[in-house]
Number of protein chains: 4
Amino acid sequence: MTLDIGVLGYRFMGEAHANALARLPMFFSDAPEVNRHVLIGRDEHALKNAADQLGFTHTATAWEDALDEIDVFYNLGPNHVHAEPSIAALEQDVSVFCEKPLAPTLSDAERMADAARGTDAIAGIAFNYRYVPAIQYARELIANGDLGEINHVRARYLQDWLVDPDAPWSWRSSKDLAGSGSLGDLGAHSIDLARFLVGDVAGEIDRVSGHLQTFVEERPVDPDDDDSETRPVTVDDAYSAQVAFESGAMGTFEASRFATGHKNDNTIEINGSKGSLRFSLERLNELELLESGNRGFQTVMVTDPDDPYVDHWWPPGHVIGWEHTFVHENYEFLTSVRDETPYEPSFADGCTVQRILDAIEQSDERAEWVSVE
Amino acid sequence: MTLDIGVLGYRFMGEAHANALARLPMFFSDAPEVNRHVLIGRDEHALKNAADQLGFTHTATAWEDALDEIDVFYNLGPNHVHAEPSIAALEQDVSVFCEKPLAPTLSDAERMADAARGTDAIAGIAFNYRYVPAIQYARELIANGDLGEINHVRARYLQDWLVDPDAPWSWRSSKDLAGSGSLGDLGAHSIDLARFLVGDVAGEIDRVSGHLQTFVEERPVDPDDDDSETRPVTVDDAYSAQVAFESGAMGTFEASRFATGHKNDNTIEINGSKGSLRFSLERLNELELLESGNRGFQTVMVTDPDDPYVDHWWPPGHVIGWEHTFVHENYEFLTSVRDETPYEPSFADGCTVQRILDAIEQSDERAEWVSVE
Amino acid sequence: MTLDIGVLGYRFMGEAHANALARLPMFFSDAPEVNRHVLIGRDEHALKNAADQLGFTHTATAWEDALDEIDVFYNLGPNHVHAEPSIAALEQDVSVFCEKPLAPTLSDAERMADAARGTDAIAGIAFNYRYVPAIQYARELIANGDLGEINHVRARYLQDWLVDPDAPWSWRSSKDLAGSGSLGDLGAHSIDLARFLVGDVAGEIDRVSGHLQTFVEERPVDPDDDDSETRPVTVDDAYSAQVAFESGAMGTFEASRFATGHKNDNTIEINGSKGSLRFSLERLNELELLESGNRGFQTVMVTDPDDPYVDHWWPPGHVIGWEHTFVHENYEFLTSVRDETPYEPSFADGCTVQRILDAIEQSDERAEWVSVE
Amino acid sequence: MTLDIGVLGYRFMGEAHANALARLPMFFSDAPEVNRHVLIGRDEHALKNAADQLGFTHTATAWEDALDEIDVFYNLGPNHVHAEPSIAALEQDVSVFCEKPLAPTLSDAERMADAARGTDAIAGIAFNYRYVPAIQYARELIANGDLGEINHVRARYLQDWLVDPDAPWSWRSSKDLAGSGSLGDLGAHSIDLARFLVGDVAGEIDRVSGHLQTFVEERPVDPDDDDSETRPVTVDDAYSAQVAFESGAMGTFEASRFATGHKNDNTIEINGSKGSLRFSLERLNELELLESGNRGFQTVMVTDPDDPYVDHWWPPGHVIGWEHTFVHENYEFLTSVRDETPYEPSFADGCTVQRILDAIEQSDERAEWVSVE
């Protein structure tokens, strides 16, 4: 059986997933066969070029037209186009792989999760950082009790690409189009990672205190034009949050697009009663690990053959990159589709993350701690 | 003129300050001459031994008896004995150097700050980390505008000495005696450091959201006795806080005595529009610095002769230790006493820190953001 | 024009190059079109499977049969089969891309370089680490004079996969088959990297002092069999060398397969009169750089769009991996083949490296410094 | 009993040892009582000031005059005045503590070692880096067999204070006065450290290959004068060496005063069959340690109460500095003097180091490996 794939979106995420699909046969011989069938977008000319480059045989300018022809729909568009096409696909029992955050609003996310519950198709959300070998390894250690009871989770996702006040306005600057700023774009990753790593041990996030800040209030539409029209920035440039897990563990979360010197610094540290670990995406082949009986953090290269996914790649110390997380992710998602087995992170997971993001935003507005129902 | 010094407390802080006093003549030739006159404590035998070891000529078991004989009173006792002796000394125009936090409660701190305002004697609070050369250097860079506008302050003070549930109960476990736990002990340092570094640029901390947690609710009085009486832990094992500075800068603060793998990890990172810096006390001779025009953080050894205080010590790369901060601190404080010039951090600074700590605690209780008046 | 490629070798290097060939169209749109035409090996069954996996349309068990059908011959076999097939191909004006070291002996390497001189076909040696973006960036800085005059080159390539005395004997253990051990396998990379980075500024390596050591003298053929036959290890487990460059710069080189804790740690540090830099392959997206006017080494993420090759991949901070160096390398080599332009590193470069390796070995035997003619 | 101390030299080393002597009573209560009796130097005025600052009661401009009055003679002068006064003191049964290297020439060193053998007085050489807690801890681990058989020793001591060609000529630039440059000043430390750490396990250094280089051939006497007289630099700016230990372990050594970006970077790494460790003086409270059963190097803070010497100082994570090594060293040396017990490193150790340095120099001259007899 070959799965016919339709992909909405051909920029950054489109390329990342198309590359992953293209690489599966050489490195994951038991992956489902896939056909990069149709690439979906609005600008016909750009779309055509992208389809050539990314190896799709067809194009479509309306997602509605494509759903009939495909087994799996990848929704990689801007956040405000996540809900309708994904729900429509699921209603036709087409499996859906949707980029994060699930939706710009909690109500959209809930509608999407409802649609997923009503179908046998697979509905996955693309939290790719779950598929870093070091993260999978960390999860195993925590699940095995190697860290003991979890006391602290400390997650930050720092970038600096907006610190220049002349950086241009984009759909990401708009609450209507993006839902939120650093919170949904980066914070969603942190929240998912925390849930993935400690959820089984520390439970869910129970209540939150949030803080959102916009440092630059308006941005030029065309930064090369000195007299460019400016538009208001209606999303957060940075957020922070304190959280309490059900177990009593404390969490602190933060993300920023104004953290000068940090490019893609997705960091998480976890302290337990018996050990600790920390990870940074900028050094994604490494895990810093304090084990019981040791005196300090080990810097572990998670590149051994028995590390998660590593046997598919290269010998020890021959590091992999960011894009490899997409290969692992696509392998697992497509295998679930083929085998009709449940996939996690699911739309339900995406919706739970959205509920937490929403609580953080409400907390900021109301200046008080907010329970995550 | 020789300053006669009386010191209350002869354990950890007593040794740190006595050592500093003893080292001044060899390394700071223009420091005031001091006489380690009287050591004050309750246990006569231990006191006697300590006075011999630390080089004091007299001892006293009641601080009231000592004030007449001294020019400067060092209050290094537990937090609950900060207020009365310090106020009494100031009322007699004896200069006072008091360990942090200023007091267990805000009202005590305010009484102490009032007493300081009513005298020409010098009243200083011993926030020694201001005197790390790398911190002084960082402050200069920020004051010069090298980091631009400050967007983020991120401060953590992590230790792990209480993660063992059998670690014994002490005065530090009691709200009555200590005021708070990690918040007052460690958080006070972080708050002072943040104010010292960015206060001139980002203004004061305006409002806070706090979270306090006690992971182990009771501890044995005598851990070597299996049937030991236990007493309740009434202070926080860890705290976190989100803050807003007057300028709009965001701050996140955290401290813990349960952060497995961290021994004395007092860390601060600051991101500005033009640069960033970060510091960890465990590597106190280094500053990580991102300057405008550079692509990454430099690891700067702050050990050059023109670095703050370094010309008093050793050649470049010959690192100094934690205790040196006390030498610098005592040098500055005693010079202020001799020259009758204002000293910072003052009791007013200590009181401001206390006000912020108090707001964090109130925020935790009320589950809402609290303004720092 | 499509280039028909024949590849001898289908294990580690075969997979690395086949992957690179497969990835060119999506990421390097101006790369030559290539046809993975024929995979060459001896074990027909394994070869067939590999051809399927790696995307080759044909197989051949004798390289002689394949040369007629191809434009480019990739020689990725063990060192002792580098010379004959490569020379035969070049004599038929088939371009050759040969894995390093060029040959097990200097005389073979010289015959290969001679053959390359006698043809218009392109003869390249696959020193892939030249194609790490951070290395290309470092070379530019040095060529621009940013480091001033070069005083020190310090290169180490450390692995630990042979530290276990029961690790099995292989062709890599045999002087006849491999030529040398860590010296040819790892040292060749270090020498090439040093020449690439500082050759234009510090000149060639003039004379050397070498030290080779074999820590485990014989190894089992089958480590799972307690009574396994053992065979003698006739190559070095580790080597070190001191070198003098023509300019007077000093170099120290070292490699080991016994450096416990190092997986694939290919490190080089260069100190000049105005600056310094260092690089480790285990963190291949980073360059540590001390520039004139700075106080410490910056940790630079070499992942910006204007960094070498990075615009073909992902946004800043989205790190690439080891395999990407092969994509860059194949892009450059195949472009040279298509455009009939010279390619470096050439067989002449490979031969120069071999001459230095040979001098190191001779120096070890004669216990004296040896000039590199 | 109080030991009367006479110290020749009042600059850098004079201050370092005087400070150590002054600090003993407060922190090492069982140390011998010492009297800083006489400071010895030539410039009467500077000497007087130094004596005041460093706490000596007397001064002397001729060391011959002082020997009668003292129990212990500290020889901290330039290398060319190490031999005569030290030998004279030992002949009078005055114990001697001499700075490293033992002497500018091997024959001087041998005469000193002979003198030491002929007396019951204690003759120690001041290799202070043996007294870093992390180094003592490392030695214990190696002696316990935790690293298994030693395969590699890699030691570098890098500084950059001479990279400026206008840095002034000094006695350290002259072969007559200093004996050698980086080799004797820095290499002596590396060689001693290697012997201290692995000597019991890997045996002595058996044979060496050396390389010495002078990058700047002459230097101004007065760099502030544009027409300053220049004098020739007759010592090495940098050296490297390869060594073979008796056990077959390989060593590489290097030092430089031209390693731009390194201030006082005394680094050693040791790889054994079961583990590895590395240390850098710029982070002297840390040891990087790979233990059997672990996957990566741990960063261990060697600041726990049961770490060597640490119980005399501060709680975990409260780091000590470079100068503390002198306190430990003086404590041990003076205890040996008082108790009439052997002290290591002795003059015999100093002489062995000198023999190795001499072999490195001879190897450089003869361009061949040289045996260390």
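Which residues of chain A does the UniProt annotation "domain: Gfo/Idh/MocA-like oxidoreductase N-terminal" cover? According to that record, an unreviewed entry, the annotation covers residues 4–124 of chain A; UniProt positions are given here in the numbering used for the model, feature names are shortened, and annotations may be inferred rather than shown by experiment.

The model is predicted, and local features need pLDDT of at least 70, side-chain atom pairs count only at pLDDT 80 or more, and totals for chains, interfaces and linings use all residues. Residues are numbered from 1 along each chain as its sequence is written, chains are lettered from A and ligands numbered from 1 in the order in which they are written, and side-chain values use heavy atoms, with hydrogens and water left out.

## Annotated regions of chain A

Over residues 4–124 of chain A the chain is 43% helix and 21% strand, with the end C-alpha atoms 17 Å apart; helices (H or I, at least four residues) and strands (E, at least two) are DSSP runs, numbered from the N terminus. UniProt, again in an unreviewed entry, places "domain: GFO/IDH/MocA-like oxidoreductase" at residues 135–278 of chain A, where the chain is 24% helix and 35% strand and the end C-alpha atoms are 10 Å apart.

A salt bridge (a side-chain nitrogen of Lys or Arg within 4 Å of a carboxyl oxygen of Asp or Glu) joins the side chains of Arg139(A) and Asp200(A), at 3.6 Å from N to O. This pair links distant parts of the chain, since Arg139(A) belongs to helix H6 (residues 133–143) of chain A and Asp200(A) to helix H8 (residues 182–202) of chain A, 61 residues apart. Over all chains, the count by this rule comes to 106 salt bridges.

| Interface | Residues in contact | Buried area | Salt bridges | Polar contacts (both at pLDDT 80 or more) |
|---|---|---|---|---|
| Chain B and chain A | 42 residues from chain B, 42 residues from chain A | about 3300 Å² | three salt bridges | 25 residue pairs |
| Chain C and chain B | 14 residues from chain C, 14 residues from chain B | about 910 Å² | four salt bridges | 17 residue pairs |

Between chain B and chain A, carbon and sulfur atoms give 52% of the buried area. His211(B), Gln242(B) and Met250(B) supply 19% of the area that chain B buries against chain A, more than any other three residues. One salt bridge here is formed by Glu269(B) with Arg156(A), the closest N and O atoms being 4.0 Å apart. The elements of chain B that give two or more residues to this side include strand E7 (150–158), strand E11 (238–245) and strand E13 (265–272), and the largest share, seven residues, comes from E11(B). By class, this side of chain B has 15 nonpolar, 19 polar and eight charged residues, where Ala, Val, Leu, Ile, Met, Phe, Trp, Tyr, Cys and Pro count as nonpolar, Asp, Glu, Lys and Arg as charged, and the others, Gly among them, as polar.

Between chain C and chain B, 30% of the buried area is on carbon and sulfur atoms. Asn294(C), Arg295(C) and Gln298(C) supply 58% of the area that chain C buries against chain B, more than any other three residues. Asp307(C) forms a salt bridge with Arg295(B), with 2.6 Å between the closest N and O atoms. Strand E16 (residues 297–301) of chain C gives the largest share of the side that touches chain B, five residues, and by class that side has five nonpolar, five polar and four charged residues. Strand E16 (residues 297–301) of chain B runs antiparallel to E16(C) and is joined to E16(C) by three bridges, pairing being assigned if DSSP finds at least two bridges between two strands. Gln298(B) has Gln298(C) as its bridge partner in E16(C).

## Backbone geometry

A cis peptide bond joins Glu344(B) and Pro345(B), with omega about 0°, and Pro345(B) lies in the loop between helix H9 (324–339) and helix H10 (347–366) of chain B. In chain D, the peptide bond from Glu344(D) to Pro345(D) is cis, with omega near 5°. Ala367(B), a residue other than glycine, has a positive phi near 55° and is found in the loop between H10 and strand E17 (370–371) of chain B.

Conventions
Contact = heavy atoms within 4.5 Å. Buried area = accessible area lost by both parts, 1.4 Å probe. Polar contact = N/O pair within 3.5 Å; in protein donor to acceptor, adjacent residues only side chain to side chain.
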